[in-house]
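Please keep the sequence and the coordinates at hand while reading.

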Amino acid sequence: MGDAWVIAAADRLLAYESDGLTAYRRTPRAVVLPKNTDEVSRVMGILSQEGVTVVPRGAGTGLSGGALADGDAVVVGTARMTDMLKLDPENRLARVQPGMINANLTAVAEPYGLYYAPDPSSQSACTLGGNVAENSGGPHCLKYGVTSRYVTGLTVVTYGGSIVELGGFGREPGGYDLLGVFVGSEGCFGIATEIEVRLLPRPEGVSTLLAIFDRLSDAGSAVTEIMAEGLLPAALEIIDGATIRAVEASVFAAGYPTDAEAALVVEFDGIEAGLAADVERAVIQCREAGAREVRTAASAEERLALWRGRKKAFGAMGQIGNDLMVQDGTVPRSKLTEVLRRIGEIGARHELLIANVFHAGDGNLHPNILFDRSDAEDLSRVELASTEIMAVCVEAGGTITGEHGVGVDKRRYMSLVHSPDDLDAMRRIKAVFDPLGRMNPGKVLPDPPAVAGAAS
Amino acid sequence: MNPLAGLLSGRLSEAQVVDGLEAERWAVCGRVPQAVVFPESEAQVAEIFSVSSEEGWSCVPGGRGSWLNGGQPPRGVDVVVSAERMNNVTAYEPADLFIEAQAGADLEAMERRTSECRQWLALDPPGGERGTLGAMLAVGTAGPLQAGFGSPRDQVLGATLVTGDGRVLGLGGRVVKNVAGFDLLKLITGSWGTLGMITSVTMRLHPVAAMDRSLLFKSDDVASGVALACRLAQTPLQLAAVELLVPGDGESGASAGASSPLVAVRILESVDAADEAERVVSERAGMPPFQRLDEEKSAAIFANVRAMEDGAELVLRLSLLPSRLPELVEMTSRLSGLHDPRAGWGMRLAAHAYTGVLRVMIAGMDRSDEWVDRAASVLVDLRRSLEAEGGSLVVSQGPPELVGAVGAWGESGSSALFSAGIQAALDPASILAPGRLAQ
């Protein structure tokens, strides 16, 4: 590998001690930065011979501690694997290395009128390899679906260093959908070293509106009504009053009224000729649900302005709290209002400020719990509130994580949504890809229950 | 009743087991099972699997039996387990755009329920609407609408699976975004009953578009038809489907709409957008469509495409990258000697221009030993050519002796490494349609 691409000095390892979820911090034993499939295979061969555990890592923007590596583990990072391997505009396909940044793929495809649809909020920093590991979503997956719909082929390297091809566009030979189960496996099955994805033609037109509400529940009703109208917006996003005030107090101020309790962003895309009618129907639904103001964008600049508050919401949270714990539960859309009310109650009961900014169209909530890390009592209340929020989501027919993944953070909550048999089946499938259990251990699955009689 | 059927009816009830003559229509790739069982709950499915494990019987899960002749013939066929009596719609929330039903519910029943709320299941797999939800997921194939909406794997939200060792797994859920754990739903989609019996399914629904419009373009010959289809797949629009349809030599053409090659474009949009899409498509085609079909007529032409496999004795799925569709279609000339020009309608083609998948349907074959040998060598050669170019050839239905000789699936490459392990993880005693998916 050469000395330059193996990091072992304590000061340089600091950069790898956490991912986007900074509540968890560990220092890995070393970091290796290979540049292609062959090098990954050779590195994995050596590490597996030595019995060293491996943690794959992209840009480290994950929000569930999935890239956390303890002192025994070596991080295999994809930071140098940023090449576009093949762009095939005719077949609307791209083959890339896993370290390529999500937004860069769209930038490269743009001249051909194409783009890559999944757009997680961190798209200017996160890597496609990380997106594959997490099966990432984003605001536009209401209409377009999540990462797994766009990944058509993978080259993966197993813990033992074997190179395996999964899927591939243009062939459908039968057999289990190993590609499908690898996407979202959070680095527990192997490392994706080449990724083939489908690109979409850029929609001809985009139209955006912003509706301001005095009550959060009214914004929730507007979402339900827009969907009931048979409209399928490209995005339906809500930010609540606490978040609006945080944004407006920050450098990202977007001109949202600070006495409002919700702002709803609705975006349509597709054939230009059909957009005006869709927007008009959505405006009517917003007004009927009680919107006090509806703004529409006439230009690309105005459109960006309407989005600004939503896009910068996370960045602005620093205005209202020192530390932030973001939850990621998903609920059926019709339960949004009820679940938001209960989240509000949970916050009040634990005396915590919870600011909501979320993908309303697909029921994916992002309650941000604000707290102070230096206050131990705060921490335990955050823990309690998080648990209760996840339980409420599951009770409403939803799940504990919609797009951030389980990582280390939510593995102890997996039994809220999965039976012991479900978890055991997942454990067995992991063992097929990683029989020795040394790929990203301690992630996703809770520790197996102790076998009766085996305890000493 | 034979002893096997007798034992099963003792565990369940006599009314839930048939054998003998009644079992004949449930033959799997030509092999009549000793018993057909109709469980009514997950617990009963688990009970059947448990008895079968003890007795060493092979079980083939099914729905109404439409797909029993598909895929690789399993090594053993003792019991067919049908989901036919588990057919209730268990949850439908229009506001949440999902429907949950037991696996034996048919697609027509879904359609009836959801159309009241102007919603639909945006899938058109071959085989028509009588097929069951469970079978659609187990088989995993998609029709022309795959271009606009994806295949079953992209639209399934959740399922219940009874594994070979009798565990009841709840996979996925009711929401589109769900990353809580490994995505085992993907594994059971297209698993052909080899990992367990699917007993309930939750699917994503779509709102019905204000306008369903199909544009039909006629071509003088197949080559210009395929060129046109490829051109139309290159517009910047998100069309719901672009399909090349070539009727058989012996067809009057009534079913497919014409006797010469057709390119059918389906547009599902608002009214204004549909008009604009029609303008763009016609411009790209360099001609107006010879027919424009709206609403029911548009749906009907694509219902015909779904029914194109009806009556076929051999069905193949060939694929290459979409840009190579002209070559792929050209290669079907190698198959032209397989049907008897005096019998049946000959060879039909249906190509999805967006995905590069070509379905070939052949009727009218003599099926002699000599024919089987000849057909096998043609298919093996063709598969070899396609695999060398990164494509594939699947025999989705055919005479069992031919499928046995050629193999249904073809080369699965280095990933075969994991397949045996996956099956062993969920069906450790290997009682579920053994050999159906693997070679």
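## Chain B

In chain B of this predicted model, residues 24 or more positions apart account for 72% of the contacts that have a separation of 6 or more. The secondary structure of this chain comes to 14 helices and 19 strands, and its C-alpha atoms fill a box of roughly 65 × 60 × 40 Å along the principal axes. For 439 residues a compact globule would have a radius of gyration near 22 Å, and the 22 Å of chain B therefore agrees with that expectation.

Of the 439 residues in chain B, 62% are buried. The chain exposes about 15,100 Å², of which carbon and sulfur atoms supply 48%.

## Chain A

Chain A has 15 helices and 18 strands in its secondary structure. Its radius of gyration is 22 Å, close to the 23 Å that the globule rule gives for 456 residues, so chain A is as compact as a globular protein of that length. Along the principal axes, the C-alpha trace of chain A spans about 65 × 55 × 45 Å, and among its contacts between residues at least 6 apart in sequence, 71% join residues at least 24 apart.

Buried residues make up 60% of the 456 residues of chain A, while the accessible surface of the chain comes to about 16,600 Å², with 51% of that area belonging to carbon and sulfur atoms. Chain A carries 42 positive and 60 negative charges, whose mean positions lie 2 Å apart.

In soluble globular proteins, nonpolar side chains tend to be buried together. The largest nonpolar core here has 211 residues, and the members that touch the most other members are Leu154(A), Phe213(A), Leu264(A), Cys286(A), Ile429(A), Phe49(B) and Val265(B). Helix α12 (residues 369–388) of chain B contributes the largest share of this core, namely 8 residues. Apart from it lies another core, of 22 residues, which includes Ala246(A), Ala260(A), Met317(A) and Leu370(A).

What does Phe213(A) touch, once residues up to four places away in sequence are left out? Its contacts include Leu264(A) and Cys286(A), along with Ala219(A), Ala222(A), Ala262(A), Ala289(A) and Ala291(A). Also among them are Asp218(A), Glu261(A), Gly290(A) and Ala260(A), and Ala260(A) is one of the residues of the 22-residue core.

## Buried residues in loops and a helix

Asp409(A) is placed in the loop between α13 (376–395) and α14 (414–417) of chain A, and it counts as buried because its relative accessibility is 4%, under the 20% cut-off. Although Asp409(A) and Gly65(A) are 344 residues apart in sequence, their C-alpha atoms are 6.1 Å apart in space. Not counting residues up to four places away in sequence, Asp409(A) touches Leu21(A), Tyr24(A), Ser64(A) and Met325(A).

In chain B, Val329(B) belongs to helix α11 (residues 325–331) and, at 5% relative accessibility, counts as buried. Beyond four places in sequence, Val329(B) touches Val222(B), Val226(B), Leu244(B), Leu349(B) and Leu358(B), and its C-alpha atom is 10.0 Å from that of Gly356(B), 27 residues away in sequence. Thr235(B), in the loop between α8 (222–232) and β13 (241–246) of chain B, has 0% relative accessibility and likewise counts as buried. Thr235(B) is in contact with Arg92(A), Val280(B) and Arg284(B), leaving aside its neighbours within four places in sequence, and Thr235(B) and Val281(B), 46 residues apart in sequence, are 7.3 Å apart in space, C-alpha to C-alpha.

Glu186(A) is a residue other than glycine whose phi is positive, near 55°. It lies in the loop between α6 (178–182) and β10 (191–198) of chain A, and is buried, with a relative accessible area of 3%.

Arg367(B) also has a positive phi, of about 60°, although it is not a glycine. Its place is in the loop between β18 (357–363) and α12 of chain B. Is Arg367(B) buried or partly exposed? With a relative accessible area of 36%, Arg367(B) is partly exposed.

Technical notes
Residues numbered from 1 in each chain as written. Chains lettered and ligands numbered in written order. Predicted model: local features only at pLDDT ≥ 70, side-chain atom pairs only at ≥ 80, totals over all residues. Heavy atoms only, no water. Helix = DSSP H or I, 4+ residues; strand = E, 2+ residues; numbered from the N terminus. Rg over C-alpha atoms; globule rule 2.2 N^0.38 Å. Buried < 20%, exposed > 50% of the residue type's maximum accessible area, 1.4 Å probe, protein only. Contact = heavy atoms within 4.5 Å. Areas by Shrake-Rupley, 256 points an atom, 1.4 Å probe, with all protein chains shown as cover. Lys, Arg positive; Asp, Glu negative; His and termini not counted. Charge placed at Lys NZ, Arg CZ, Asp CG, Glu CD. Core = buried A, V, L, I, M, F, W, Y, C linked by side-chain atoms within 4.5 Å.
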